[in-house]
Every structure is written in C-alpha cells, then in structure tokens.
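Open the model in a viewer and follow the stops below in order. Each stop says what to select and what is there.

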Amino acid sequence: MDQVVSADMDDTWTVAGRSFRSRLVVGTGRYKDLEETAAAIEASGAEMVTVAVRRVNLSDPKAPMLQDFVDPKKYTYLPNTAGCHTANEAVRTLRLAREAGGWNLVKLEVLGPPPHLYPDMPGTFEAAEALIKDGFEVMVYCADDPLAAHRLEQMGCVAIMPLGAPIGSGLGIQNPAMLSLIIEQAKVPVLVDAGVGTASDAAIGMELGCDAVLLNSAIAHAREPVLMARAMKAAVEAGRFAYRAGRMPRRMGADPSSPLGGLIR
Amino acid sequence: MNDAGMGMITVNGEARPLDGPMTVAGLLAAIGLDGRKVAVERNEAIVPRSEYAATRLEPGDSLEIVHFIGGG
C-alpha cells in the first residue's frame, strides 16, 4: 500500500519546468459567483486554473476580484486569450497578463466564429510565433490535427491542447483516434481542452494517455458544480491509473473469468 | 491651469478629462483601484507597475486598465 501511495506522489507532469500533481486543469468562468468558483476549484484539486484578462469596470472599482477568491499564490494562473481574433490582440492581452501576474506561462486560443468556435489555426500559428518571440511559454489550444500539433511543437509551444469537441458543448471526446495519434508523436504534454461533459469523458481522455485534462463548463454548468468538481477529480485520477495499469486487450468473444476445471457433475 | 494640463484621455474606451498633471498612480487612485491587482497599458505599451508613480499622462493618451476575471 505504501508503495502505491509513494508511486502516486511521484506521478507528476511537467510543463515549462513546473511540475504538477493534479492532472486536472480547470477554468474559472461561468460560475454563479466568485464564492462558487472558489469552492468548485478547491473541490477539483486543480493546481492550475485558466483565467481571462478583461477591462476593469471603472464604475465599480471596488467590485470583488477573482484573486481575492482564487489565490494566485496557491494556484498557477494560466491567462488565456479568449476573445482575441488576431495575433496582435493576443500578444497585447498576454503582455498585460504578464504584467498583472508576473509570469509568462499562458494559454493561447484563437477562435473562429460561432457556432463552432473552432480553433483558427492560421491565426494560432501567427500568434504562437509572436508570443514565443516575446518570451512567453505557450500552451496552445488547437485542432485535433496531427500536422498542426507537430508544427506548434516544433515552433516551441510547451503544451499541445487539442479539442475533444467544441468549447462548452459537453459532447464528450469525439476524436479518440486523432487524439491518440497526437499523443503518440508529442514530446511535450498533451491536454485535451474543451468538449468534456461529464466524469467519464475526462476518464477517457486520461485513458488515451493525455497528460492532463482542461475543462470548465462541465463543472460550472453542472447542477451541483462542487459535486461535479469532485467527480472530475476522481475521474482524472481513475483514468490516469487505468492508463498506467494498461487496459486488457479487447476481444470479440467471451473468455470466462471462473476456471472451467473442478465443476461438479 | 496651463494648456499642457488641459485635454482628454481615454481610459478603457471612455473619454475622461485630464484636469492637470497626473501620473498613472494618480489615475488609479482617482478611480479607486488597487494598483497591485491590475495591469496598465498606455498607448499600446505596458506600463510596469514600478513606473506607475513616474509615468505622467499626456492629453490624447489611451489607457487600458485590466484585471483577471473568470475564464475557461
């Protein structure tokens, strides 16, 4: 038992020189209020959280702020570029994030239009190049395209984050074969980012061999977000255990579990 | 008030009179913001926190004052 526990403690993943024990990265958006955000993140066990960068509301300068509830000293903030459609907007946004937070690990996402918000890969390449040149360590949201994923890795992105289904759709992982191909070729961490709807989806991502799972709406839009956060924590751990354990081979026919010898006659 | 002190600046897209000499630190205080929790861009260039007190605003300046909010 002690050996198992100790092996679990050593089972970390590392991105840009930072190591994490939790393989669940959660967003901080779409919660009822900041109290619920804090409670759900605590329950998820996440050590890294994504955050957005937006204008301060000048007419309400004393409004509570995210970092009053989600302590940046306790959680690694991963600022995103949600809402940015050009490389210039992404770079300006993340330079502000770097100044506000003092770190250079960021999540790049350049999105196409609704209703799919599919990753805009030409825009993503352009922004990734500009950000890497400016000293950022870029975890990149991308299409489930092995060629695009490889190119982003060659450019110097520190983590590849293909979608499992459209953002906020909760459709689950629609592309296990493509994710497997991307995972197999990658030398940097691969996270499935977007599409997870419930705990089994997160477990599937981990069973495929993802280094971690990134999700937001699946927790924030659950009827009981804090309970779903616990479910996601357990699912990611279960999926990781299963991946490490190695699943049994699939077979078309039955193979009895009980011995055939010694039956009474 | 001299001419150099007259004019308008833009803060987060809103026009705002510049009624006299003012620094970034002074502007944040006037709005009521804690400088440790925001980041400031002036004319598309970052103003480092250490320079808030020394950075004088000029008429026509465009400022973005941002903070972290919940996001996925």
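Start in chain B with helix α1(B), and colour B:V24, B:L27, B:L28 and B:I31, which are buried. Looking down the axis of α1(B), you will find these buried residues within an arc of 100°, so they line one face of the helix. An α-helix has 3.6 residues a turn, so residues three or four places apart point the same way. Now show what covers the buried residues of α1(B): the cover includes β1 (8–11), β2 (14–17), β3, β4 (45–47) and β5 (62–70) of chain B. The model is a predicted one, so every value on this tour is computed from it.

Step past the end of the helix and select B:G32. Just after α1(B), B:G32 has a positive phi of about 100°.

Continue along chain B to B:K37, in the loop between α1 (24–31) and β3 (39–42). Is B:K37 buried, exposed or partly exposed? With a relative accessible area of 24%, B:K37 is partly exposed, because buried would require a value under 20%.

One more stop in chain B is B:E44, in the loop between β3 and β4 of chain B. The phi of B:E44 is near 70°, a positive value in a residue other than glycine. B:E44 is partly exposed, with a relative accessible area of 48%.

**Between the chains**

Show both chains together and select the residues in contact between them: 32 residues from chain A and 26 residues from chain B. The size of an interface is often given as the accessible area lost when the parts come together. Here chain A and chain B bury about 2700 Å² between them, with 59% of it on carbon and sulfur atoms.

How many salt bridges are there between chain A and chain B? The count is 4. To see one of the salt bridges, select B:E64 and A:R55, whose closest N and O atoms are 2.7 Å apart. Across the interface there are also 15 residue pairs in polar contact.

Which elements of chain A give two or more residues to the side that touches chain B? They are β4, α3, β5 (76–79) and α4 (87–101) of chain A. Helix α4(A) gives the largest share, 8 residues. By class, this side of chain A has 14 nonpolar, 9 polar and 9 charged residues.

**Into chain A**

Select helix α2 (residues 34–44) of chain A, and within α2(A) colour the buried residues A:E36, A:T37, A:A40, A:I41, A:A43 and A:S44. Viewed down the axis of α2(A), the buried residues fall within an arc of 160°, so they line one face of the helix. Their cover includes β3 (24–27), β4 (48–55), α3 (66–69), α9 (217–220) and α10 (225–245) of chain A.

Look next at the two ends of α2(A). A:D33 caps the N-terminal end, with a side-chain oxygen 3.3 Å from the backbone nitrogen of A:E35. Just after α2(A), A:G45 takes a positive phi of about 75°.

Select A:R30, in the loop between β3 and α2 of chain A. A:R30 is a residue other than glycine with a positive phi, near 70°. With a relative accessible area of 54%, A:R30 is exposed.

A:S217 touches A:R30, A:G168 and A:A222, not counting residues up to four places away in sequence. A:S217 counts as buried, at 17% relative accessibility.

Helix α10 of chain A is where to find A:R240. A:R240 counts as buried, at 13% relative accessibility. Show side chains here: that of A:R240 makes a polar contact with that of A:D11 (2.9 Å). Leaving aside neighbours within four places in sequence, A:R240 is in contact with A:D11, A:R23, A:M206 and A:C210.

For the last stop, select A:P114 and A:P115, which are joined by a cis peptide bond with omega about 10°. A:P115 lies in the loop between β6 (105–108) and α5 (121–133) of chain A.

Conventions. Residues are numbered from 1 along each chain as its sequence is written. Chains are lettered from A and ligands numbered from 1 in the order in which they are written. This is a predicted model: local features need pLDDT of at least 70, side-chain atom pairs count only at pLDDT 80 or more; totals for chains, interfaces and linings use all residues. Side-chain values use heavy atoms; hydrogens and water are left out. Buried means under 20% relative accessible area, exposed over 50%, partly exposed in between (1.4 Å probe, protein chains only). Helices (H or I, at least four residues) and strands (E, at least two) are DSSP runs, numbered from the N terminus. The arc is that of the directions from the helix axis to the C-beta atoms. Contact means heavy atoms within 4.5 Å. A polar contact is a pair of N or O atoms within 3.5 Å; within protein, one must be able to donate a hydrogen and the other to accept it, and residues adjacent in sequence count only if both atoms are side-chain atoms. Buried area is the accessible area (1.4 Å probe) that two parts lose on being put together, summed over both. A salt bridge is a side-chain nitrogen of Lys or Arg within 4 Å of a carboxyl oxygen of Asp or Glu. Ala, Val, Leu, Ile, Met, Phe, Trp, Tyr, Cys and Pro count as nonpolar, Asp, Glu, Lys and Arg as charged, and the others, Gly among them, as polar.
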